[in-house]
Amino acid sequence: MSDSAPRAAWRFHSHAYFDHAAPERVEEARAFRELIRRTFAASPHIDVRAFHAAPAGPHPRGSFEVLFTRETFADYVPWLMFARPAALDILVHPLTRSQVLDHTARALWLGTPLSLDRSMLEAEDARSLEAHPASKNAYLSS
Ligand code: ZN
């Protein structure tokens, strides 16, 4: 890993988005979440998180989140590329001190990129800077 990639970027999220108004899409997303859980059940580096049947936080659609680490990135992300149902759009982003950068410049998408609520991400970053003002430089690099 190059020096420009901060050590903090060893953890990632994937967010799978679906049309929460279409019952068959919600079912498909639940089934895909279960497939991820089963497929990676033996890995200590993947944590399948809560299912949101409606938009939540900055996320514009129903979604579910998976937390994973660098150790499993090369297994999980290519698996997503091939296993993703066509109707699911998936955001993959690192977890650093800047929610805005993580969800924009540093993000990758499988499927069609969606617009997240940037103002909520900016508010998160402002809260984080307020809580840890000494980390302002680290905020920009990591
Ligand atoms: Zn996330």
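I will start with the model itself, then turn to one helix and the sheet beside it. This is a predicted model, in which local features need pLDDT of at least 70 and side-chain atom pairs count only at pLDDT 80 or more, while totals for chains, interfaces and linings use all residues. Residues are numbered from 1 along each chain as its sequence is written.

Helices (H or I, at least four residues) and strands (E, at least two) are DSSP runs, numbered from the N terminus. Which residues of α1 are buried? They are A29, F32, R33 and I36, where buried stands for 20 or more other C-beta atoms within 10 Å of a residue's own, exposed for 12 or fewer, and partly exposed for what lies in between, with C-beta atoms placed from the backbone. Seen down the axis of α1, these buried residues fall within an arc of 100°, taken from the directions from the helix axis to the C-beta atoms, so they line one face of the helix. On the other side of α1, the exposed residues are P23, E24, E27, A31, E34 and R38.

Now to the sheet. Its 5 strands form an open sheet in the order β2-β3-β1-β4-β5, with antiparallel pairing, where two strands pair if DSSP finds at least two bridges between them. Because β2 and β5 (108–110) stand at the edges with a single partner strand each, one side of each is left without a neighbour in the sheet. Further in, β1 pairs with strand β4 (residues 89–94) over 6 bridges in the antiparallel sense, and Y17 stands opposite D89 in β4.
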